[in-house]
Amino acid sequence: MEVSHHVALLIGYGTALAAWLLVARVFPGLWPRQDAVAFAHPWREVGWALLAVLCVIGIGQLYVRNWRLPTSGPWGPLLEAVNQLLIFSPILALPFLRGHGLRTAWIPTNRLWARLPIGLALAALAIAAFTLVRQDSDSWLEVYPRVYQPKNLGYLVQVFCEDVAIAVLFVRFRAAIGLYGTIVFVACLFAAAHIPTMVAKGTSLEELARLLLDAGLGVGVLLVAQRSADVWWLWSVHYAMDMMQLYAATPETARPFLN
């Protein structure tokens, strides 16, 4: 049976999530359990986070209208990375402006020497799972180096900023409505974010129905991500799976998760 791009993504993410749970069990000190972040006025912080998101959307519209740094030439990838940092700057700056610190954005600074290599290993495993089950994909040995080409620096930074934005929203909504309500809400929010683009492209009802699978995948990812409270490994896997649409699948069937 032929496996679609969407199903291959589910398998890739599922493999990485299961592997992270195993690693966290073997090395519990890398991701010790922590109490949920509490705020004196959680709904006020939700409001600030939503305002930051609106600012990101506004800056993104300027980017779409070519109000951005030029991305042609040898410095193009680096300038595109700067563009992405500028677009997401309101949500990136929010924890500092509100005096909350990096923990409220899932950016731990300790033991990066272990967290980042593990994240990269999980990403490599996810790519392997994807390329094994997707019949029209090239082999892992061909796909893997394509993913980490220098020209993809802008994509890499974009995905990092997206994951930090997810973390910022998640932590603040969790303080307001609790863990499980936040998991479902945030997963549905990012799945629904695809609807305007899909409708504009004339997407079929069948493809829209797949958003339910996106939401289900989001629930699974967020269940594990909130346990780790660590963007580093999530970023590695998210970026690798997003790159499958460019380097391991036919364009008409590829659609990124959480983009």
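A crossing is left-handed if the near helix is turned anticlockwise from the far one by less than a right angle, and right-handed if clockwise. Keep that in mind for this predicted model.

Ground rules. Local features need pLDDT of at least 70, side-chain atom pairs count only at pLDDT 80 or more, and totals for chains, interfaces and linings use all residues. Numbering starts from 1 along each chain as its sequence is written, and side-chain values use heavy atoms, leaving out hydrogens and water.

Start with α7 (153-177) and helix α12 (residues 231-247). Helices are DSSP runs of H or I, at least four residues, numbered from the N terminus. The crossing of α7 and α12 is right-handed. Their axes come within 9 Å and cross at roughly 130°. Axes are lines fitted to C-alpha atoms over the stretch in contact, and angles run from 0 to 180 degrees between N-to-C directions. So α7 and α12 are oblique to each other. Oblique is what remains after under 35 degrees (roughly parallel), over 145 (roughly antiparallel) and 65 to 115 (roughly perpendicular).

Who touches whom? Contact means heavy atoms within 4.5 Å. On α7, the residues include Tyr155, Phe160 and Asp163; on α12, they include Trp232, Trp235 and His238. The contact of α7 with α12 has 13 nonpolar residues, one polar and three charged. Here Ala, Val, Leu, Ile, Met, Phe, Trp, Tyr, Cys and Pro count as nonpolar, Asp, Glu, Lys and Arg as charged, and the others, Gly among them, as polar.

Next pair: helix α1 (residues 5-26) and helix α5 (residues 112-133). Their axes come within 8 Å and cross at roughly 145°. This crossing, too, is right-handed. Gly12, Thr15 and Trp20 are among the α1 residues that meet α5, where Leu122 and Phe130 are among the partners. How many charged residues does the contact of α1 with α5 hold? None: the contact has 14 nonpolar and three polar residues.

That covers both helix pairs. Thanks, everyone.

Terms used. Helix = DSSP H or I, 4+ residues; strand = E, 2+ residues; numbered from the N terminus.
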